[in-house]
Amino acid sequence: MAYHVAIDIGASSGRVILADTTEGLRLTELHRFKNGFTKVGEHDRWNVTRLVTEILSGLEKVKAAGIETCTVGIDTWAVDYCLLDDQGNLLAEPIAYRDARTQGLMEQVFETIPKEIVYEKTGIQFLNFNTLYQLFAEDKDMLGQAQDILLIPDYIAYHLTGKKVGEVTNVSTTQYLNIHSRDYDKDLLNVVGLSRDKLPELMETGQVIGELRPELYESYDLPQATVIAVATHDTGSAVVGVPATTENWAYLSSGTWSLIGVENAQPITSQAAFEENYTNEWGAYKTYRFLKNITGMWAIQEIARMLDNRYSFAEMAEQAYQVEPFLQYINLNDDRFTNPDNMIEEIQAACRESNQIVPESVGELVMCVYSNLALAYAHEWKVLESLTGKELEVLHIVGGGSNVKLLNQLTADLIGKPVIAGPGEATAIGNIMVQMIASGELKDLVEARAWLAKNQRLEGFEPQAIADRDHLKKYQKIV
């Protein structure tokens, strides 16, 4: 029997998921735990020490389920890092990417190395929380004390195996990997005063990291497990988990963030791609995720939190069905929505300032967000076609947001092409598929996606005419 374990950690929660691939694909969530950053002193920080403890508790549940031997893959969010001392211990819990310390720092970096050169070297989208700018903002004494710098999933793998590696799909998001040499870029490291020897050796997706450290068995009842370097950036795993079997498809990984793009064999670093701020994150098996990172369900999550989580996401969507779409236009990617004190008040203020209808009810607020997400997706769909020179035929929406039928339909209506939704667990499934390829159960990514399409229930959304096109004239650039 074949067993694989996906450790899948997002910004708000983590899971330990057991996959039985003996006949098809059977997933069992054995352990779930909360995640989130909290203010510690001057900064917002993650508690990765607790995350590691939760992971080990989850692996104990794998053993308790009767699994003696398995493989393990780890995926998390990108860009954040851990600083380790010469004993391999954390100097401090890592600072979260939403912390305000990097605001305005990109321009300081560009005074040393031009923005165009950074893009030519890396092909990576400019976001003020990329690791390059976080390290530029890092306390220099702390950085000097650090013996090693590991991204979050690589730190977890180190804690499990004792091996320090940098899996490429996640490390590429730092904006200090050179897309041409496929190695760290010395010029960019020099900008932040970073020595190459503090960074781990790079590892390609699908390679074996190592076995669990023997000393872990002294404190935990664990299975015999081999840790595989899956696509450790959760979006990288989600794209692996796209059940695409045709040509000219695009994907939308829908979660806290929305990542819309295509999978390429070669990067696109044209002037137009630079001007549109598209990224070429490294994908599994030396592919490139040519995509735009835009906001996603963050605003919905924050609305729910402001309402003390009185409504489930399904209940919020049901109320939105009663509201006319496209009554407001707000740019949800504006910095004001990155981490406001109150998302509801911020949305209302933005509408009020631009003399638009102010959403008040839960349904109105949710429809406002979904409408503007769909408009943003439609805009990026057109940009993607322009930058790639391809007419895209279908959009695969994967991840937790693929369960929002209302948003799926609005998106299909606006792009005028079919939307295929699912799997909702694309990240965990993509994680598992890499383990299956590494274990010899599947030949390659093409075979893996065909296998996935046969083993998942997917839902299609055909585009429908929007009744009142005149109502959308002010969105002409987008629609």
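# Cavity, pocket, sheet and helices

Me: Which residues line the largest cavity?
Reply: The lining consists of Ile 149, Leu 150, Leu 151, Asp 154, Val 171, Tyr 176, Tyr 184, Leu 199 and Pro 200. A lining residue has an atom within 4 Å of a grid point of the cavity. The model is predicted, so local features need pLDDT of at least 70 and side-chain atom pairs count only at pLDDT 80 or more, while totals for chains, interfaces and linings use all residues. Residues are numbered from 1 along each chain as its sequence is written, and side-chain values use heavy atoms, without hydrogens and water.

Me: What makes a space a cavity, and what makes it a pocket?
Reply: On a 1 Å grid over the protein atoms alone, a cavity is a set of points where a 1.4 Å probe fits but cannot get out, whereas a pocket is an open set with protein on both sides within 12 Å along at least five of seven lines.

Me: What is the make-up of the lining of the largest cavity by class?
Reply: There are 8 nonpolar residues, no polar ones and 1 charged. Asp, Glu, Lys and Arg count as charged, Ala, Val, Leu, Ile, Met, Phe, Trp, Tyr, Cys and Pro as nonpolar, and the others, Gly among them, as polar. Strand β8 (148-151) gives the most, with 3 residues; strands (E, at least two residues) and helices (H or I, at least four) are DSSP runs numbered from the N terminus.

Me: Which element supplies the largest share of the lining of the second largest pocket?
Reply: This pocket has a volume of about 840 Å³. Of its 35 lining residues, Asn 293, Ile 294, Asn 331, Asn 333 and Asp 334 are the closest to the centre. The largest share, 6 residues, comes from α14. By class, the lining has 16 nonpolar, 10 polar and 9 charged residues.

Me: How do you know that α6 is largely enclosed by the rest of the structure?
Reply: Buried means under 20% relative accessible area (1.4 Å probe, protein chains only). In helix α6 (152-161), 9 of the 10 residues are buried, so the rest of the structure largely encloses the helix. Among the buried residues are Ile 152, Asp 154, Tyr 158 and Thr 161. Gly 162 follows α6 and has a positive phi, near 80°.

Me: Why is Ser 253 called buried?
Reply: Its relative accessible area is 9%, which is under the limit of 20%, so Ser 253 is buried. Ser 253 is found in strand β15, and its bridge partner in β19 is Val 398.

Me: What makes β15 and β19 a pair?
Reply: Two strands pair if DSSP finds at least two bridges between them. β15 (249-254) and β19 (394-398) have 5 bridges, in the parallel sense, and therefore count as a pair. Both belong to an open, mixed sheet of 7 strands in the order β17-β18-β16-β15-β19-β20-β21.

Me: Why are β17 and β21 called edge strands?
Reply: β17 (279-282) and β21 (459-461) each pair on one side only.

Me: Which residues make the contact between α11 and α13?
Reply: The axes of α11 (298-306) and α13 (343-353) come within 8 Å and cross at roughly 120°. Contact (heavy atoms within 4.5 Å) is made by Trp 298, Ala 299, Glu 302, Ile 303 and Met 306 of α11 and Met 343, Ile 344 and Ile 347 of α13. Axes are lines fitted to C-alpha atoms over the stretch in contact, with angles from 0 to 180 degrees between N-to-C directions.

Definitions and conventions. Grid points are joined across faces, edges and corners, and a volume is the space filled by probe spheres set on the points. Buried means under 20% relative accessible area, exposed over 50%, partly exposed in between (1.4 Å probe, protein chains only).
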